[in-house]
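Please look over the sequence and the model before reading on.

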Amino acid sequence: MVVFRISLLLILYFTEIPRSVGADDAEVKEGTPLGQPTDWFKTREMWRAKNYNYTNKSNVSEPLRLVIIHDTDSQRCHRFILCASEMRLLQSYYHSNFQYDIPYNFLIGGDGRVYEGRGWNVAGAHTNGYNRCSLGLAFIGDYRDDWPCCTVVTELQQQRAKLLLEEGVKLGHLSPNFHVLGAKDLRNPRGPGTNLYRAIKGWSNYDHVNLYKNLTCEEIEQL
């Protein structure tokens, strides 16, 4: 009888686990409102961010025309508990070394979830000279393809990044004609890593002409 009960518990365990993992990795249904916390969108409260009093609101009129892609050059993560931990480590690093909050507006985890950084309508601290007039979107991990520990960007990550940006347009934070660039296109010579940079260059909104290089925020606002 004891053996039977143990066998039954094992059967139930191994049939339930894949079901829950599949639910976490399922694609987002079209029309899911991003403004409401869902399993794939994690607010600051959900990843247990420390409170930060923002005084540097974006003073450039929305909607923003520019989205700048970064990677965090940190550990990759594929589960919520690990990505949330990585978010807290990143926030602690920037608090300790630069006395400001996590510099990106939003981040994409290796688990395919969107993590709220500074959020909408708050100036970031990710790309010098462009922080007031752009949205900073970072992918958690190191995406250089010349390192054995490099992270590969997934279709799920890209889908949810695009869904976030589409919602930004709907909410009036992003221009319908916004452009996407990598940080290396403007200031940062390294990021994002090659795997991620190659992926975003295939997005329909990627600016292959690079209209924004060497422009000030005031000049970008006039475009």
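Is the link of C77 and C83 right-handed or left-handed? The link is right-handed, with 100° about the S-S bond. The model is predicted: local features need pLDDT of at least 70, side-chain atom pairs count only at pLDDT 80 or more, and totals for chains, interfaces and linings use all residues. Residues are numbered from 1 along each chain as its sequence is written, and side-chain values use heavy atoms, with hydrogens and water left out.

**Disulfides**

- A search of the whole structure finds two disulfides (a disulfide is a pair of cysteine sulfur atoms within 2.5 Å).
- With bonded cysteines counted along the chain, the pattern is 1-2, 3-4.
- The sulfur atoms of C77 and C83 are 2.1 Å apart.
- C77 has a relative accessible area of 2% and is buried, and C83 is buried at 0% (buried means under 20% relative accessible area, exposed over 50%, partly exposed in between, with a 1.4 Å probe and protein chains only).
- In the disulfide of C133 and C217, the sulfur atoms are 2.2 Å apart.
- The torsion about the S-S bond of C133 and C217 is about -70°, so this disulfide is left-handed.
- The pair links distant parts of the chain, 84 residues apart: C133 lies in the loop between strand 4 (114–116) and strand 5 (135–139), and C217 lies in helix 5 (residues 217–221).
- Helices (H or I, at least four residues) and strands (E, at least two) are DSSP runs, numbered from the N terminus.
- C133 and C217 are both buried.

**Strand pairing**

- Strand 2 (residues 64–71) pairs with strand 6 in the parallel sense over five bridges (two strands pair if DSSP finds at least two bridges between them).
- I68 stands opposite L181 in strand 6.
- Strand 6 (residues 174–182) is mostly covered, with seven of its nine residues buried.

**Nonpolar cores**

- In soluble globular proteins, nonpolar side chains tend to be buried together.
- A nonpolar core is a set of buried Ala, Val, Leu, Ile, Met, Phe, Trp, Tyr and Cys residues joined through side-chain atoms within 4.5 Å.
- The largest nonpolar core has 37 residues, of which V67, I69, L137, F139 and L165 touch the most other members.
- Strand 2 gives the most to this core, with five residues.
- Leaving aside neighbours within four places in sequence, L137 is in contact with residues including V67, I69, F106 and L165 (contact means heavy atoms within 4.5 Å).
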